[in-house]
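Visitor: I would like to know what the words used for this molecule rest on. Please show it to me.

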Amino acid sequence: MTKKRKHQEDFQKVKLKVGKKKPKLENATDTTFKTKTIQIPEQLKEDGLLTAQNRKLNIKDLLSQMHHYSPGVKQNALLGLKELLSQYPFIIDAHLSNIISEVAAVFTDKDAGVRGAAVHLLQFLASKIRAEQIAPFFPLVSAHLSSAMTHISVGIQEDSLKVLDVLLEAYPALLTDRSVILLKNFVELISHQQLSKRLKSREKLSWMLSVNPNRRVTSQQWRLNVLIRLKKFLQAVVDGSNEIEDEGLQEQKDSPHSGRNPICISWKVHANNQQHIQLYENGGLRPKINSSFRLRSLASVMDSAEKGLSSAENLKGFIEIIIPLLIECWIEASPAQSAPILGNLLESDSQQLMQQVLSIIHLLWKLTKRQDETYKMEVWLRMNYLVDFKHHFMRSFPYYLQETVRHKKKDSWKGNKCCMTPSNSVDHLLLNLTLCDIMVSLASASTLQADSGWLDMIRKFVTDTLQDGSRLNSKQVNRLLGVTWRLMQIQQNKVATEPLIKAVYTLYQQRNLLLPVRTLLLKFFSRVYQKEDLRTQRIRSRSKVLSRWLAGLPQQLALLGLRNPELSNQLIDIIHSAASRSNKELLQSLQATADQIYDPLDGTLVLLPAEAQRRLVQLVYFLPCLPASLLACLSRCCIMGRMSSELAATLIGILRMRSSFAGWKCQVQDNSVNDVDYFSFLFSTLIGFSREELTSLQGLRGKPHISQTQLSPVRLYLTDLDQFLHHWAVTEMICHSLSTIPSQSQCFDILQTGICKYLVGLVVIPDSTAGSVLCAINKLLDQACILSENLHKFLASCCYSLLYFLLTLDKEDAEHVQKRDMLWGSCISALALLPRLLRVMLQSLQVSRICREELPVVAQLLRLLMQHGQLRSHMMTNEFLVQQIIKDIMTLKSGEVQEQWLTDLHYCFNIYLASHPQGPGPINTVY
């Protein structure tokens with residue numbers, strides 16, 4: 001038992017000897033490997049940028065300080081966060097979730113400085129963050145906003161309105177998606193629930209305005225602040241709905257012509273399969289459905305709480321809560337609660353509060369009109385609120401703004417005196433017009449007798465305001481015209497509507513009206529005219545004021561010109577609409593001012609853009625008469641190049657349809673276009689230059705504008721390429737119109753007489769005119785046509801002058817090279833159709849009178865004429881003349897070295913003419 005236990009060998013201590021190395025352990029790490037450093041400059045640089053300049057704190061440090069107990073630290077963190085994010089905006093995307101959550105959490109902070117810094121930071125972030133970026137985090141923001149709006153602290157409630165302003169400005173659509181909760185918060189800001197004394201149970205609670213003496217502002221001012229935000233919120237709801245309508249006049253959609261877009265078809269483009277015509281109104285990629293029926297939206301299957309104010313149930317519930325509160329606010333601010341001597345004069349604060357009350361009701365009314373059962377909703381509104389509105393709103397109508405005037409001190413002992421006078425400004429008008437708009441929406445034709453009392457008050461106010469409306473802005477005029485239109489729909493007899501139209505016309509006649517105001521007045525009159533035109537199909541009782549307005553439109557268009565193209569377009573549209581309905585007064589006025597509108601120098605037609613020009617050209621079709629003076633103006637408009645060649649062709653086609661040669665089966669208007677005047681128009685447009693312009697060209701000599709030859713008495717004036725192409729396109733349409741005249745021989749005789757009278761004998765003729773004359777001759781020529789000797793000589797001179805110009809044309813002259821095909825084709829066609837014309841031209845080639853430099857050109861011309869297939873037979877017929885010309889050329893070139901052009905001429909003659917069976921030619925005898 002006393003034996004010593006042996007020590008376990010596993011735990012024996014190893015004894016180390018001096019001078020010997022320590023043995024390595026079995027689990028020892030081998031440290032013989034080598035390492036190298038890895039440097040990432042960009043990462044290091046980014047870490048440096050994530051710090052603010054003043055305190056050297058990065059984004060994580062600043063966000064962590066948002067939870068600090070000290071208000072100063074949190075405020076400094078918000079300021080530092082704004083500074084950091086303004087310097088390095090890319091940090092926002094990387095830490096957006098944390099930033100939004102931390103900033104939204106301090107909406108309800110106890111310290112006012114922290115809340116103020118949070119509002120400033122939120123305003124900065126709203127300018128940097130798009131709606132689609134913040135959308136995933138917006139429920140959190142909305143929850144903190146709701147918490148702030150319903151907070152027990154008065155200061156937090158006040159600052160919540162500032163947050164609401166920022167969100168309404170930057171993200172209205174996201175905010176209105178949560179309208180059910182926020183609308184309840186608005187109500188709780190100005191009121192509290194109370195059990196109704198009339199009800200024994202607690203099933204229904206009523207709301208009454210609350211008063212908090214702890215606020216820094218008065219209760220009325222606080223309600224004004226809340227109602228201003230509520231109006232902005234409802235405006236965002238209205239703007240974000242599917243059917244966007246403007247205020248006032250644009251709300252009405254019952255015009256049968258609204259939403260109809262005409263189809264403009266270019267038949268030339270369509271014939272080349274370059275234009276697709278959509279036959280069905282609702283077809284295409286973006287169909288436009290003009291229907292009074294509406295399909296049930298997907299929102300109908302959603303919960304009523306999710307649909308918000310788009311649900312009729314939710315909208316009615318909110319109206320039942322907010323309207324009594326708004327009426328209480330109105331009663332507090334109404335003149336009857338002030339001093340009795342003031343009557344209907346309003347102080348500035350009261351006017352602002354009453355304006356917000358009416359604006360909110362007006363927006364709610366607009367939302368009710370977008371429900372599926374609009375008529376039922378209107379009946380419900382009238383039944384529940386018309387009596388209260390008449391009693392409170394219309395009792396002191398109309399309202400005026402009270403001004404306080406301080407007189408200067410005349411004596412020191414008198415002090416200051418205040419007097420109250422009705423304001424001459426128009427600030428109070430918006431209040432009265434909003435009230436009128438709300439009230440007339442509750443009336444209809446069936447309730448006219450019961451509502452006649454207050455409707456007469458509104459009608460008198462509207463009439464007086466329109467007659468003295470020189471200082472009205474566009475918003476007020478828009479609302480005013482909307483009320484006027486509604487009054488005209490309620491009572492549609494002429495006795496009631498004529499004074500209203502007359503009052504609007506009085507405003508329309510005033511000078512220096514703003515463009516938006518003038519535009520609204522034009523739209524109003526146009527709409528009234530269309531409505532009256534439909535109604536008077538059964539009862540012909542047109543408004544005299546409306547007829548006088550229509551009759552003055554053409555003169556206004558002529559005087560307006562290019563000073564306001566937008567307004568001119570509106571006038572043209574209205575004139576076109578009335579002219580298409582054959583309005584007698586307008587057509588007479590349009591006929592009287594047609595010479596001014598279509599003046600080629602400074603008329604409306606040549607001054608306005610292309611689209612307006614097209615509409616003015618279409619008006620020509622509706623003119624009762626087209627006298628010679630007007631046709632002369634239209635001809636000059638076609639050839640001056642101030643409107644496109646396509647539009648000029650359209651005008652020529654319209655005149656052809658108005659002429660007696662259009663081929664109508666029914667009789668056209670008597671004496672609408674005289675045949676002589678029509679031919680004068682066609683000839684003047686074909687020539688392309690006026691008599692004065694042709695006379696001024698006769699004195700021009702030499703290059704670069706004149707091309708002349710010694711063998712022709714006609715010198716060519718070289719027109720610019722744009723002018724030439726325009727004239728040529730117009731010529732094609734003129735030739736088409738001439739070809740549609742039944743008696744071609746008589747038409748040719750008229751054309752021949754005009755050419756001989758106005759062109760034969762001129763020394764200088766434009767190249768486009770010479771080519772156009774040849775085109776017309778080619779188009780009209782047939783076997784029954786007989787050309788005079790003078791016309792033959794003139795056409796021969798024109799042909800040679802044109803051919804000489806084309807053969808001497810420099811290839812580098814790109815402007816005139818483009819004329820070659822058109823002029824060459826017209827000359828060759830004329831020479832092929834008129835063999836005598838070719839003979840006269842060959843007879844005029846007396847080479848003995850020309851200089852040696854022109855001989856190669858004559859030789860080249862002969863060679864080309866012999867080579868042309870259409871002219872070969874005619875050249876064979878005139879072989880003797882060709883031989884004589886070649887002989888004369890050889891005589892002039894005798895004794896000289898034969899050049900290549902002369903060799904080519906010999907070759908062509910031997911190939912095409914010398915083999916003719918008539919016998920050997922003079923070329924062989926020469927050699």
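Visitor: Which helices do the buried residues of α39 pack against?

Guide: The buried residues of α39 pack against α36, α38, α40, α41 (872–877) and α42 (879–892). This is a predicted model, in which local features need pLDDT of at least 70 and side-chain atom pairs count only at pLDDT 80 or more, while totals for chains, interfaces and linings use all residues. Residues are numbered from 1 along each chain as its sequence is written, and side-chain values use heavy atoms, with hydrogens and water left out.

Visitor: Which residues of helix α39 are buried?

Guide: In α39 (residues 835–843), they are Leu837, Leu838, Val840, Met841 and Leu842. Buried means under 20% relative accessible area, exposed over 50%, and partly exposed in between (1.4 Å probe, protein chains only). Helices (H or I, at least four residues) and strands (E, at least two) are DSSP runs, numbered from the N terminus. The chain has 44 helices and eight strands, and buried residues make up 47% of its 927 residues.

Visitor: Why are α36 and α40 called roughly perpendicular?

Guide: The axes of α36 (residues 789–807) and α40 (residues 855–867) come within 10 Å and cross at roughly 105°. Axes are lines fitted to C-alpha atoms, for helices over the stretch in contact, and angles run from 0 to 180 degrees between N-to-C directions. Angles under 35 degrees count as roughly parallel, over 145 as roughly antiparallel, 65 to 115 as roughly perpendicular and the rest as oblique. The two helices are therefore roughly perpendicular to each other.

Visitor: Which residues of α36 and α40 meet?

Guide: Tyr800, Leu803, Tyr804 and Leu807 in α36 meet Val857, Val858, Gln860, Leu861 and Leu864 in α40. Contact here means heavy atoms within 4.5 Å.

Visitor: Why is lysine 460 called exposed, and what is aspartate 464?

Guide: Lysine 460 has a relative accessible area of 55%, which is over 50%, so lysine 460 is exposed. Aspartate 464, at 38%, counts as partly exposed. Their closest N and O atoms are 3.0 Å apart, in a salt bridge. Being four residues apart in helix α19 (residues 452–467), they are separated by about one helical turn.

Visitor: How do you know that arginine 518 has no salt bridge?

Guide: Arginine 518, in helix α22 (residues 515–535), is buried, and the nearest side chain of opposite charge, glutamate 566, is 12 Å away. Lys and Arg count as positive and Asp and Glu as negative; His and the chain ends are not counted.

Visitor: Which backbone oxygen lies 3.1 Å from a polar atom of the arginine 518 side chain?

Guide: That oxygen belongs to glutamine 510.

How values were computed
Salt bridge = Lys/Arg side-chain N within 4 Å of Asp/Glu carboxyl O. Polar contact = N/O pair within 3.5 Å; in protein donor to acceptor, adjacent residues only side chain to side chain.
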